[in-house]
Amino acid sequence: MQIPKPSDADKDRFRAVVPENPDVVVKPMFGNLGAFVNGNMFAGLFGPMIGVKLSDADRAALEAGHQTLPFGPEGRAMGGYVGLPEAWSDNEEQTAEWVEKAFEYVATLPPKAAKPRSSKK
């Protein structure tokens with residue numbers, strides 16, 4: 001499976017649209033970046049594409065009015081996530097609006113339970 005690598009500019013653009021909130025954690029994921037709240041990812045970077053996890057209503061509204069993309073590897077898109085339109089790559093304000101909606105939605109979900117660390121023998 002081919003995983004695209006984001007450029008430094010892609011990473012900077014991603015960080016610029018992630019809400020500044022003490023509950024938000026941005027961390028590397030498979031050479032890309034993910035933004036998390038309560039252990040749940042609400043936005044991710046996959047190569048140059050930003051994907052978000054939205055409520056059903058917000059996702060339907062986004063998909064009805066804009067040309068969205070599957071988010072994730074070709075043929076193995078991440079369920080529940082939608083890739084924001086490529087045309088928005090230069091529109092930080094519009095991208096940030098949808099990333100904020102994703103943050104607000106995912107912040108309402110139950111916190112992800114930490115996986116127990118395996119003991120090394």
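## Exercise 1: A cluster of rings

Tyr-81 is buried, with a relative accessible area of 14%. The model is a predicted one, and the values below are computed from it.

**Task.** Determine how the rings of Phe-71 and Tyr-81 are arranged, and which parts of the chain they join.

**Solution.** 

Step 1. By the ring-pair rule, the structure holds three aromatic pairs.

Step 2. One of these pairs is edge-to-face: Phe-42 and Phe-103 have ring centres 5.4 Å apart and planes at 65°. Phe-42 belongs to strand 3 and Phe-103 to helix 3 (residues 92-106), so this pair links distant parts of the chain, 61 residues apart. Phe-42 has a relative accessibility of 0% and is buried; Phe-103, at 9%, is buried as well.

Step 3. Phe-71 and Tyr-81 also form a pair, with 6.2 Å from centre to centre and 40° between the planes, and this pair is tilted. An angle over 60 degrees would be needed for edge-to-face, and one under 30 degrees for stacked.

Step 4. Phe-71 is in the loop between strand 5 (69-70) and strand 6 (81-83), while Tyr-81 is in strand 6, so the pair ties together parts 10 residues apart in sequence. Phe-71 is buried, with a relative accessible area of 2%.

Step 5. Ring pairs join Phe-46, Phe-71 and Tyr-81 into a cluster.

## Exercise 2: Charged groups

**Task.** Locate the salt bridge of the structure and state whether each partner is buried, partly exposed or exposed.

**Solution.** 

Step 1. A search of the whole structure gives one salt bridge.

Step 2. The partners are the side chains of Asp-56 and Arg-59, with an N to O distance of 2.9 Å. The distance meets the criterion, because a salt bridge requires the nitrogen to be within 4 Å of the carboxyl oxygen.

Step 3. Both residues lie in helix 2 (residues 56-65), where they are three residues apart, about one turn of the helix.

Step 4. Asp-56 has a relative accessible area of 58% and is exposed, whereas Arg-59, at 21%, is partly exposed.

**Task.** Identify the rings over which the charged ends of Lys-27 and Lys-101 sit.

**Solution.** 

Step 1. The charged end of Lys-27 sits over the ring of Phe-36, at 4.6 Å from the ring centre.

Step 2. For Lys-101 the ring is that of Trp-98, with the charged end 4.8 Å from its centre.

## Exercise 3: Positive phi

**Task.** Where in the chain do Phe-30 and Asn-38 lie, and how accessible are they?

**Solution.** 

Step 1. Most residues other than glycine have a negative phi.

Step 2. Phe-30 has a positive phi, near 50°, and it lies in the loop between strand 1 and strand 2. At 64% relative accessibility, Phe-30 is exposed.

Step 3. Asn-38, also not a glycine, has a positive phi of about 55°. It is located in the loop between strand 2 and strand 3, and with 34% relative accessibility it is partly exposed.

Conventions:
Residues are numbered from 1 along each chain as its sequence is written. This is a predicted model: local features need pLDDT of at least 70, side-chain atom pairs count only at pLDDT 80 or more; totals for chains, interfaces and linings use all residues. Side-chain values use heavy atoms; hydrogens and water are left out. Helices (H or I, at least four residues) and strands (E, at least two) are DSSP runs, numbered from the N terminus. Buried means under 20% relative accessible area, exposed over 50%, partly exposed in between (1.4 Å probe, protein chains only). Rings of Phe, Tyr and Trp (its six-membered ring) pair if their centres lie within 6.5 Å; planes under 30 degrees apart count as stacked, over 60 as edge-to-face and the rest as tilted. A charge sits over a ring if NZ of Lys or CZ of Arg is within 6 Å of the ring centre and within 35 degrees of the ring normal.
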